[in-house]
Every structure is written in C-alpha cells, then in structure tokens.
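Visitor: I would like to go through this structure term by term. Please set each label against its criterion.

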Amino acid sequence: MVEHAAKVRHDFLRHDMNFPHVWCPGCGLGIVLGSLIRATSSLNIPQDDLVLASGIGCTGRMSAYVDFNTLHTTHGRALTFATGIKLAKPNLTVMTVMGDGDATAIGGNHFIHAARRNLNITAIIVNNMIYGMTGGQYSPTTPYGSKATTAPYGHVEQAFSIAELAVAAGASYVARGTVHHVPQLDGLIKGGIQKKGFSVIEIMSNCHTYYGRQNGLSDPVEYQKYFKKNAVSVKKAAEMSAAEMEGKFSIGVLADIEQPAYVEEYQHIRDNACKEMAEKGEKKGGDCAQERRDEM
Amino acid sequence: MQSSSEDQSQKYLLQGNEAIVEGALAAGCRFFAGYPITPSSEIAEIMSRKLPTLGGTFIQMEDEIASMGAIVGASLAGAKSLTATSGPGFSLMQENLGYASMTEVPLVVVNVMRGGPSTGLPTSPSQADVMQARWGTHGDHAIIVLAVSSVADSYEITIQAFNLAEKYRTPVILLSDEIVGHTREVISLPPDQPVPIFNRIKPSVPPEWYLPYEDNSRGVPPMADIGSGYRHHVTGLMHDAKGFPNFSPGVTGGFLKRQYRKLANGADEIQMTKQFMLDDAEVAIITYGCVSRSAIRAVRMAREQGIKAGFLQLVTLWPFPKKAVDAVCRRCRAVLVPEMNMGQMVREVRAVNQNATLEQLNRFDGGFITPAILFRKLMSL
Ligand SMILES: Cc1ncc(C[n+]2csc(CCOP(=O)(O)OP(=O)(O)O)c2C)c(N)n1
Ligand code: SF4
C-alpha cells in the first residue's frame with residue numbers, strides 16, 4: 001500500500017519537472033511546497049480546478065513543481081494574472097505564491113488593491129526578509145539594522161509587517177506561519193483556500209544563503225531555532241507590550257471576517273444591468289438571457 | 001466559423017471609440033480590464049455598461065500594468081480579452097505585453113494615440129507610437145499591429161484584430177488616435193458584409209499528449225483554456241514544447257524562429273492594405289490612421305487637376321506590408337509618406353525600396369495633416 005504522504009507527492013508534484021529543485025539545500029521553500037500540497041490535497045478539489053500563479057524570485061519558481069494549472073508570471077504581477085483567471089472562470093480555485101519583494105515592493109500596489117477588492121484568491125507570501133534570487137539585496141521586509149548586499153553599512157528603513165498590511169487593506173482572511181511550525185502552516189493554508197474572499201498567508205521562511213550569511217544565521221537549523229524562539233501566538237501577542245514583542249512576531253490567524261466577495265458582487269452587477277435593460281426595453285447589447293451566472 | 005450578423009442592420013451615429021467596443025463585442029470579447037486615460041476612456045466606460053449584460057466581466061484595475069496582467073490571465077482561461085489605453089498607459093503595458101508574446105496569448109490592446117513623450121498632449125492626436133507598438137517590449141518578438149482610420153474601420157478592424165489574435169495565438173495592437181477615437185460618423189451595424197469570427201483552435205489530443213508549445217506546419221500550437229483539463233505550465237522564461245523553462249540554444253532559437261515564421265506564413269492574410277485610385281497612379285501617398293482620410297481627399301483634388309494620384313492605406317503596420325508598398329514604389333515616380341510624427345514608418349518604406357523617390361511630410365505639433373496640406377505637396381511632386 002502506498003503511504004499517504006507518498007501518494008500526495010505522487011499526485012500533486014509534477015513527474016516531468018526536473019528534481020532536485022532549483023532551491024539551495026535547506027531552503028524553507030521546500031517546506032512551503034510540502035505544506036501547500038498537503039493543504040490542497042486535503043480539500044479534495046480536482047487538480048484540473050486548481051490554479052497556482054507565481055511571480056519572479058526563488059519563491060516564484062514554486063509554480064513549476066505542482067501538478068495544477070500553473071503560471072510563472074512577471075515580477076510582482078502574479079495577482080493581476082490571477083485576477084483575470086478568477087474573473088474569467090470563477091469555478092477555479094486560484095492561488096498565488098510570491099516572495100516578500102515580489103508581493104510588497106514591485107507588486108505592493110497590486111497586493112493592497114487585491115485585498116481591498118476582496119476577489120476570491122488565496123495569496124501565499126513567503127517572507128525571507130531579503131531578495132533571494134538576485135543575491136541578497138534588501139527588501140521591504142528587511143529588518144532595520146540588518147545587512148544586505150545593498151545595505152553593507154546596515155539597513156536604515158523600517159520593515160513592512162505583511163500580514164498587518166493585509167488586514168488594513170481589507171483581506172477577508174489573514175494568517176502568519178513559519179517553516180518551523182509546519183502542522184499549523186498546513187492548517188493556515190487550508191483555511192485560506194476555504195475562505196470565500198481574499199486570503200493572505202504570510203510564511204516566515206529562511207534564506208540562510210543570503211539573509212542568513214550576512215546576518216549571523218547561515219545555518220538553516222539555527223534558523224529553525226530562530227523561528228521557534230521568536231514566534232508568538234496571535235493570542236499571546238495580544239497580551240504582550242510593544243517592548244516585549246521587540247524582535248518577535250505573531251503567528252496564527254490575524255483576521256477571519258465575513259464580507260461580500262468580488263465574484264458575488266459582480267454577479268449583482270450583471271443582474272442589475274440586465275434588469276435595467278429590460279426596464280428600458282433595450283434590446284441591443286445582448287438578450288441578457290442569463291448568459292452566465294457566477295455563484296460562489 | 002460563425003457569423004457576426006444576427007438581426008437586421010441598423011444605422012448608428014457612433015464615435016470611433018464606441019465602434020471599437022461594438023467590434024470587440026461582435027468578435028466575442030467578454031473580458032475587459034483597463035485604467036482610465038484620455039482619449040481612450042470611453043472604451044472602458046462603454047465596456048463597463050455592456051459587458052455585464054452579455055455575461056462578460058469588466059474591471060477597472062489599479063494601473064495599466066495590472067490591466068495587462070488581468071487580460072493575459074483571462075485569455076489564458078478562455079475569455080477573449082481587451083484593454084484600451086493611450087501613450088503613458090501603453091508604456092506601462094509593455095512588460096506584460098512581452099509576457100503575452102512569450103507565452104503566445106491571444107488578446108487585443110487598443111492604443112488611442114496622443115502626443116508624447118510622457119504626459120505630452122493628452123487631448124491632441126499623434127501617430128508617434130507606431131515604433132513603440134512594434135518594439136516597445138524588450139527582446140526580439142513577433143507582433144501584429146493594425147491602424148484604424150475611420151469609425152467604420154474601428155468596428156471592422158477590431159474584429160480582424162481579434163481574429164488574427166486567435167488564429168495566430170498572438171497579442172495584437174490596434175492603433176487609433178484622438179481624431180478617429182472622438183469623431184462621430186454614421187455606420188450600419190451589423191455591416192452589410194459581416195466579418196466572419198474566428199476562435200482559437202483547441203487541442204484535439206488527450207491531455208497527456210498535449211504539448212502547449214509544440215511546432216506544427218502553421219507554427220501555431222493549439223491552445224487549451226486553463227481549467228479545461230489540460231494542466232500545463234505557462235512561463236515568461238524561455239521554454240520547451242511542454243512549457244517548462246529551457247535555455248538551451250536549440251530551444252531558444254527554435255522558439256523565436258517559430259514566432260516569426262507563424263506570422264510570415266500568414267502574411268497574405270495579416271498584411272492588410274487598402275488601395276485608392278492606384279491602378280494608373282504616377283504619384284502616390286502611403287499612410288495610415290487618421291491621415292488616410294486627408295489622403296483620399298487630396299488624391300481626389302489632385303485628380304481634378306489632372307494629376308494621376310493614388311493612395312495606399314496601411315491597415316497593418318507590422319509585420320510591414322512590404323509587397324504592397326514595394327509595388328507602389330516601383331510603379332510611381334514619386335511617393336509621399338505623411339505622418340503625424342517626426343518620420344517613423346517612412347523608414348520602413350525606404351528600407352523596402354531604396355530606388356523610390358520618397359518625400360516625407362511630418363506634423364508633430366498636435367495638429368492634423370489636412371487635405372489641403374497634402375494636396376499642395378502632391379502638386380509639387
Ligand atoms: C521588472 C523586474 N525587475 C527586477 C527583476 C529582478 N528580480 C528577480 S527576482 C527579484 C527579487 C526576488 O526577491 P523576492 O521577491 O523577495 O523573492 P525570493 O527570491 O526571496 O523568493 C528581482 C529584483 C525582475 N525579474 N523583473
Ligand atoms: S537563495 Fe535563499 S531563498 Fe533562494 S533558494 Fe537559496 S536559500 Fe532559498
């Protein structure tokens with residue numbers, strides 16, 4: 001009998017992609033990939049209905065490995081492509097996976113607007129606090145004082161908190177996890193996919209090669225300990241002072257709210273447009289014979 | 001093939017921008033993503049009103065980069081898709097337009113040209129984006145660029161734009177300009193001779209045999225919609241027939257050659273021109289877009305004066321209609337190329353026939369090249 005984990009890998013990873021993958025040994029991205037396929041496989045959604053769009057970066061390479069409908073788009077723009085796909089075929093389960101630079105620097109505008117619009121997409125953001133693929137330059141989440149190949153004297157900008165940014169921008173479901181807290185991470189991704197509306201799962205991950213080497217964390221195992229030490233549950237974090245939270249971050253579900261999602265809202269537009277046309281007795285522009293109904 | 005003609009033809013007083021919407025809808029366009037910009041905004045506004053009544057979807061994105069990304073996504077999922085913009089927005093679209101070219105996604109981008117560079121002349125016409133339309137995104141790539149000259153053109157050529165996009169799996173750029181976009185003229189819809197509609201060819205093999213970028217005699221691989229059971233990978237990286245990243249010289253060279261070959265194969269159909277009084281012409285005007293209207297008038301005026309003048313309208317700018325242009329250059333003792341820019345397409349005419357006596361006439365101050373200007377020039381040739 002094939003054990004469950006092997007079956008998930010067999011069914012959800014592509015057989016015609018060259019493994020081993022492009023990532024450095026010990027990179028957290030492999031753990032994220034594992035979580036992603038466990039979460040999606042547990043939902044019994046046909047693979048033909050799963051879409052994963054990625055941006056550009058080490059994280060962006062993830063889309064090629066999963067046996068879904070996959071897109072490797074342009075740097076920062078994965079959400080824009082995902083928006084077109086979801087609106088054209090709302091029955092599909094559309095996810096994106098992006099790096100921190102991808103999602104919040106070059107793609108920052110798309111990110112906040114996707115959250116505000118509340119279109120039914122699950123955005124996974126792998127936050128390794130650095131630009132991995134291009135060799136360790138600082139990103140919008142590089143902590144103040146850290147070193148980067150473009151901050152050789154120490155970084156002087158304040159970092160974004162991605163999950164908090166997503167909450168403020170209006171996302172329906174926002175969670176943060178780490179590549180150390182893996183069973184929890186599986187659940188957070190699953191929760192995001194199941195949520196109607198825009199979901200964000202920020203995943204703290206290690207780029208020991210670039211962030212780590214420049215900042216005293218070059219060993220992936222040490223990095224795991226760093227996540228273990230500095231992650232605080234959302235509940236506990238709420239009771240801690242700012243001083244106590246210094247250098248730490250919360251993990252768990254930060255927001256889970258019920259609000260109208262874009263696909264339903266747009267169906268209202270179609271219904272209203274057709275009603276108005278019927279009232280005016282207009283014919284031109286189509287017969288409005290309910291050519292399409294999106295119910296999600 | 002299905003016909004775009006459904007019921008009795010009626011006459012409408014439409015603006016060029018409105019006619020583009022009507023053409024797009026007749027061609028089967030059901031998705032529009034855009035960002036407002038003069039002089040193209042009417043296209044978005046009318047789409048937002050009409051698409052929901054047809055089961056389609058309109059969305060105003062946060063910028064033109066996003067608009068372009070969204071229409072690529074929607075087309076990959078099977079919806080015929082359009083965006084419309086003008087100069088500054090067209091510049092922002094170049095990145096994802098390159099992606100559409102690399103991944104061979106059919107879609108139509110309308111650029112209602114205005115004076116540039118930068119914010120330039122928002123409400124004045126121009127034809128200065130014709131080279132950007134060809135070479136705006138980085139890297140070698142094949143592209144189809146069409147130009148409209150009237151309201152009737154705006155309807156018909158928009159349908160052609162969708163047909164060519166679908167048939168050749170390529171983005172198509174449709175150039176209009178502030179004058180054509182905002183001029184109102186009477187047209188019959190559907191037109192007396194309806195334009196047939198073409199839809200992309202879907203795979204006929206089972207999913208496990210499907211190769212989304214496999215070469216064939218036409219050089220155009222069948223295209224499976226996302227979500228139709230043909231799971232595959234789409235990437236802006238150089239890729240093999242399966243769609244997976246591959247940077248080997250053989251794959252890279254083969255890919256680019258196929259891109260160029262597929263449009264070369266269809267040259268007769270793609271390279272559209274219109275001829276006016278050329279049969280016995282001794283002097284000719286070659287131009288495109290709004291200047292075509294002045295050219296027709298100027299040719300008539302010259303004929304009244306006994307000058308054997310003719311006119312070749314370039315409907316397709318890229319791939320450049322070499323054969324038709326060369327024939328005119330060979331036959332006529334002088335050829336006039338007027339453009340509302342500092343001289344862009346004239347370079348191509350010169351490259352096609354170096355022996356021709358070429359005159360260029362350029363206006364780039366936001367004003368129009370009137371029939372009188374062209375007539376005076378024709379008389380002096
Ligand atoms: C328009 C554009 N600008 C720059 C780049 C170069 N580039 C590739 S990946 C990347 C940053 C990657 O960092 P991040 O998004 O954090 O992802 P990671 O590699 O760390 O997973 C950059 C700047 C690009 N591909 N496209
Ligand atoms: S460079 Fe960093 S993010 Fe990229 S694969 Fe290596 S460890 Fe991972």
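**Labels and their grounds**

Guide: The model is predicted. In it, α10(B) and α13(B) form a right-handed crossing. The contact is made by residues including Ala298(B) and Met301(B) of α10(B), and Leu374(B) and Phe375(B) of α13(B).

Visitor: What makes the radius of gyration of chain A agree with a compact globule?

Guide: For 296 residues the globule value would be near 19 Å, and chain A has 20 Å, so the two agree. The C-alpha trace of chain A spans about 70 × 50 × 35 Å along its principal axes. Buried residues make up 50% of chain A, where buried requires 20 or more other C-beta atoms within 10 Å.

Visitor: Which residues have the most contacts inside the largest nonpolar core?

Guide: They are Ile85(A) and Ala284(B), in a core of 193 residues. Helix α6 (residues 151-168) of chain B gives the largest share of this core, 9 residues.

Visitor: What does Ile85(A) touch, not counting residues up to four places away in sequence?

Guide: In chain A, Ile85(A) touches Val51(A), Leu92(A) and Val94(A). In chain B, its partners are Gly73(B), Ala74(B), Leu76(B), Ala77(B) and Ile226(B). A contact here requires C-beta atoms within 7 Å.

How values were computed
Residues numbered from 1 in each chain as written. Chains lettered and ligands numbered in written order. Predicted model: local features only at pLDDT ≥ 70, side-chain atom pairs only at ≥ 80, totals over all residues. Rg over C-alpha atoms; globule rule 2.2 N^0.38 Å. Buried ≥ 20, exposed ≤ 12 C-beta atoms within 10 Å, placed from the backbone. Core = buried A, V, L, I, M, F, W, Y, C linked by C-beta atoms within 7 Å. Helix = DSSP H or I, 4+ residues; strand = E, 2+ residues; numbered from the N terminus. Contact = placed C-beta atoms within 7 Å. Left-handed = near helix turned anticlockwise from the far one by under 90°.
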